[in-house]
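Subject: Structure handover

Hello,

Here is the structure for you to open alongside this note. My findings follow below it.

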Amino acid sequence: MQRTAQKACKKSFSRLGWVLIVSQLLMLGVVWAGEQIYALFLVIRYPMATNADISRMLYDSGGALIAGALAGIVPCFALGLTTRVQELPGYFLRQRKCLNWVVVLGSLLLVLGLQNIASLFTIPMELIANQLNASFYSAYESATAVSVTPTMLAYSVLIAPFCEELLYRGFVLQYLKPYGKTFAIVFAAVLFGLMHGNIIQLPMALLCGMLFGYIALEYSLPASILIHALTNFTAEAVSWLSSADEVAAEAVNQALFAFGLVALFLCISKLWRPIVTYARKGYAEKGVIRLLMTSPPIILLITYLVVLTGLSIKPI
């Protein structure tokens with residue numbers, strides 16, 4: 001890579017890193033402020049409530065999370081300034097391949113299959129953590145918690161898929177796509193996985209994020225938002241069923257597990273060569289990954305996200 005191109009890459013990656021850092025800070029700030037305001041409201045509204053009651057009501061409310069998620073995407077519009085404002089709707093909404101119910105159902109089953117495969121990675125990770133007197137139990141509880149309020153359900157099924165796809169597949173992936181499709185899909189998925197700040201969700205979000213990236217590039221961003229929303233809705237539905245009837249929920253889980261693995265097996269066995277060919281065409285030019293991973297703001301961002309994920313591992 002020529003020196004001029006290297007300088008351009010460094011500047012581009014630095015811009016991406018700082019925008020994402022500001023996004024994270026703004027999101028955290030809005031969530032914190034929202035929780036403080038809501039806590040004050042709860043204290044006034046329920047003067048006899050204990051601190052534990054207030055904490056529980058704060059945990060069950062998704063209002064601050066909704067506000068934070070929406071605020072977090074605002075700085076990322078700076079990444080779209082290379083496209084004129086009047087062209088932004090087409091930038092996000094253009095459709096390439098036709099999306100139909102077969103693709104939607106197949107993609108959802110693939111997501112379930114990827115989640116099942118990813119869950120296998122957590123078993124040896126948990127065993128290693130146990131040897132170090134640590135546990136993933138708290139992370140697992142957080143990852144599988146059911147939404148008990150309308151605002152939390154709205155956040156999980158609507159707001160989170162919209163904001164996360166817009167951020168990672170709309171802004172990050174599109175911004176990095178000129179350097180290589182595969183490179184952009186994988187790096188956006190890595191950030192997406194780490195962003196959850198949960199060791200249990202990390203491998204699942206990483207693998208599913210790559211599928212969402214492919215869908216966003218080859219179909220459309222709204223398509224990836226739809227698949228993401230359906231994925232979260234399925235998880236919520238199973239969690240609600242589990243709280244009502246554990247036996248029925250286990251039967252549904254087993255069925256989803258089986259269908260997901262079958263879909264994943266069929267996809268890999270039938271489409272392995274096209275997948276490999278597609279991935280090879282999108283490799284980044286030599287030196288690009290090094291320039292990205294040595295960019296100070298990118299290092300700072302990834303370090304923060306790794307630490308955040310590590311904190312989800314609690315001592316026994």
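Searching the whole structure gives 7 aromatic pairs. A pair means rings of Phe, Tyr or Trp (its six-membered ring) with centres within 6.5 Å; planes under 30 degrees apart are stacked, over 60 edge-to-face, and the rest tilted. This is a predicted model, where local features need pLDDT of at least 70, side-chain atom pairs count only at pLDDT 80 or more, and totals for chains, interfaces and linings use all residues. Residues are numbered from 1 along each chain as its sequence is written, and side-chain values use heavy atoms, with hydrogens and water left out.

Take F13 and F183 to begin with. Their ring centres are 6.5 Å apart and their planes are at 55 degrees, so this pair is tilted. F13 sits in helix α1 (residues 3-45) and F183 in helix α8, so the pair ties together parts 170 residues apart in sequence. Helices here are DSSP runs (H or I, at least four residues), numbered from the N terminus. F13 has 0% relative accessibility and counts as buried. F183 is buried too, at 8%. The cut-offs are under 20% relative accessible area for buried, over 50% for exposed, and partly exposed in between (1.4 Å probe, protein chains only). Ring pairs also join F13, Y179 and F183 into a cluster.

Y38 and F41 make another pair. Their centres are 6.0 Å apart and their planes are at 20 degrees, so they are stacked. Both are in helix α1, 3 residues apart, or about one helical turn. Y38 is partly exposed at 29% relative accessibility. F41 is partly exposed as well, with 46%.

Now the charged side chains. There are 2 salt bridges, each a side-chain nitrogen of Lys or Arg within 4 Å of a carboxyl oxygen of Asp or Glu.

- E165 and R169 form a salt bridge at 2.6 Å, N to O. They lie 4 residues apart in helix α7 (residues 150-176), about one turn of the helix.
- K181 forms a salt bridge with E218, with the closest N and O atoms 3.3 Å apart. This pair links distant parts of the chain: K181 is in helix α8 (residues 181-195), E218 is in helix α9 (residues 201-218), and 37 residues separate them. K181 is partly exposed, at 34% relative accessible area. E218 counts as buried, at 11%.

Next, how do the axes of α7 and helix α10 (residues 221-244) cross? They come within 9 Å and cross at roughly 145 degrees. Axes are lines fitted to C-alpha atoms, for helices over the stretch in contact, and angles run from 0 to 180 degrees between N-to-C directions. On the α7 side, the contact residues include F162, E165 and R169; on the α10 side they include H228, N232 and F233. Contact means heavy atoms within 4.5 Å. The contact residues divide into 9 nonpolar, 5 polar and 4 charged. Nonpolar covers Ala, Val, Leu, Ile, Met, Phe, Trp, Tyr, Cys and Pro; charged covers Asp, Glu, Lys and Arg; the others, Gly among them, are polar.

L206 is partly exposed at 29% relative accessibility. Leaving aside neighbours within four places in sequence, L206 contacts A189, V190 and G193. L206 and L114 are 92 residues apart in sequence and 9.6 Å apart in space, C-alpha to C-alpha.

Best wishes

Methods: Helix = DSSP H or I, 4+ residues; strand = E, 2+ residues; numbered from the N terminus.
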